[in-house]
Amino acid sequence: MNIPFLDVKSTYVLLKRELDSSYKRVMNSGLYILGEEVETFEKEYAKYLGVKYCIGVGNGLDALHLILRAYDIGHGDEVIVPANTYIATWLAISYAGAKIVPVEPDISTYNIDPAKIEKALTKKTKAILPVHLYGQPADMDSINKIARKYKLKVIEDAAQAHGAYYKNSLVGSLGNAAGFSFYPGKNLGAYGDAGAVVTNDLTLARRVRMLRNYGSETKYFNDEKGFNSRLDPLQAAFLRVRLKKLNAWNKKRVKIANYYFKELSKIEDLTLPYVPNWAKPAWHQFVIRTKKRDDLIKFLNMKQIGTLIHYPVPPHLSKAYSDLGWQKGDFPITEEIAETVLSIPIGQFLTKKEQEYVVDTISDFFVR
């Protein structure tokens, strides 16, 4: 049995008729930049999340970057960010010109540890940028409490958490603003790069709309030095189709996750995800942890089961940030996670037989 880690093509095969119809609708419209298709998706996604505004942009990195720019967070400012995250979260801060202040995660959830945030604050701190890593909500009440105390902005990186709940609220509606990615592999994925900013802040929404479009509200009249980061109408049309399937597909991921919990919890040398009672993850990834990770990967590869490491190199140890002088040992929890985590298949198209094969193969490895 050959089980790829991610099966994106099946989403097209299943939705081919609707997606092809959306393609023809956009092509026949003659409107290929912004326009009604993008505006309609923005309204639909804002309604889904329960927020007032959604602004479609080029990708998830741009979404975070434009939020920071719109809040005038830049040179001389500091932003609290998880040490344990994908590098795009850090890059958004770098693009804005602000200083990255990493904070270690909670080893059980892999998300930023609120108990460590206050020690990292200075008079230059302007925002906290929590990440809902792997589709698992961060502890937003604790984070927002700190933000209110010190009058800081809270910007959610919700790139992996489409449809995840924190208590009774959807992720993306919990801070001042949030950035989403619609990269093809996401729970709500496009068929190319795409992203969005969501917020209840009208002033922020207006400024992000300008910044994404060369700093202009009216064509050829530019109010500031903006960027070119606009959600493509074709991708907006495709996202409208897939948004209708998001909740149903997330429920399938939950079912698979529950099966993994039931069957893999018997293995002593394996650490499974920890889900606080206030969290309903979107299960973008199902991440296990073991000190035998590298040998397990080889065994699963031999058995034709795809896996990925999210992420093998923490941002502070990446070549990209070597100029900032961080060394191995500076963020030990983050480094331990990077050395032991492994993502196993959990896509909504994973059959019961495939799930059983994954579980049996992992169990067989640890028996050996």
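Predicted model: local features only at pLDDT ≥ 70, side-chain atom pairs only at ≥ 80, totals over all residues.
## Strand β2 and its neighbours

Strand β2 pairs with strand β3 (residues 99–103) in the parallel sense, over 5 bridges. Two strands count as paired if DSSP finds at least two bridges between them; strands themselves are DSSP runs (E, at least two residues), as are helices (H or I, at least four), and both are numbered from the N terminus. Between β2 and β3 the chain crosses through helix α4 (residues 87–96), and this β-α-β crossover is right-handed. That term says that, with the strands pointing away from the viewer, the path from the first strand over the helix to the second runs clockwise. Within the pairing, Pro82 has Val103 of β3 as its bridge partner.

Strand β2 also runs parallel to strand β4 (residues 125–128), joined to it by 3 bridges. Here Ile80 stands opposite Ile128 in β4.

Residues are numbered from 1 along each chain as its sequence is written, and side-chain values use heavy atoms, with hydrogens and water left out.

Because 5 of the 5 residues of β2 (residues 78–82) are buried, the strand is largely enclosed by the rest of the structure. Buried means under 20% relative accessible area, exposed means over 50%, and partly exposed lies in between (1.4 Å probe, protein chains only). Glu78, Ile80 and Pro82 point one way from β2, Val79 and Val81 point the other way, and all are buried.

## The loop between β4 and α6

Tyr134 sits in the loop between β4 and α6 (140–150). Its phi is near 65°, a positive value in a residue other than glycine, and Tyr134 counts as buried at 5% relative accessibility.

Gly135 is found in the loop between β4 and α6 too, and with 0% relative accessibility Gly135 is buried. Leaving aside residues up to four places away in sequence, Gly135 touches Gln160, Ala161, Ala164, Pro281, Ala282, Trp283 and His284; contact means heavy atoms within 4.5 Å.

Tyr220, in the loop between β10 (216–218) and β11 (221–222), has a positive phi of about 75° although it is not a glycine. Tyr220 is exposed, with a relative accessible area of 70%.

Tyr311 lies in the loop between α10 (293–302) and α11 (332–340). The peptide bond leading from His310 to Tyr311 is cis, with omega near 10°.
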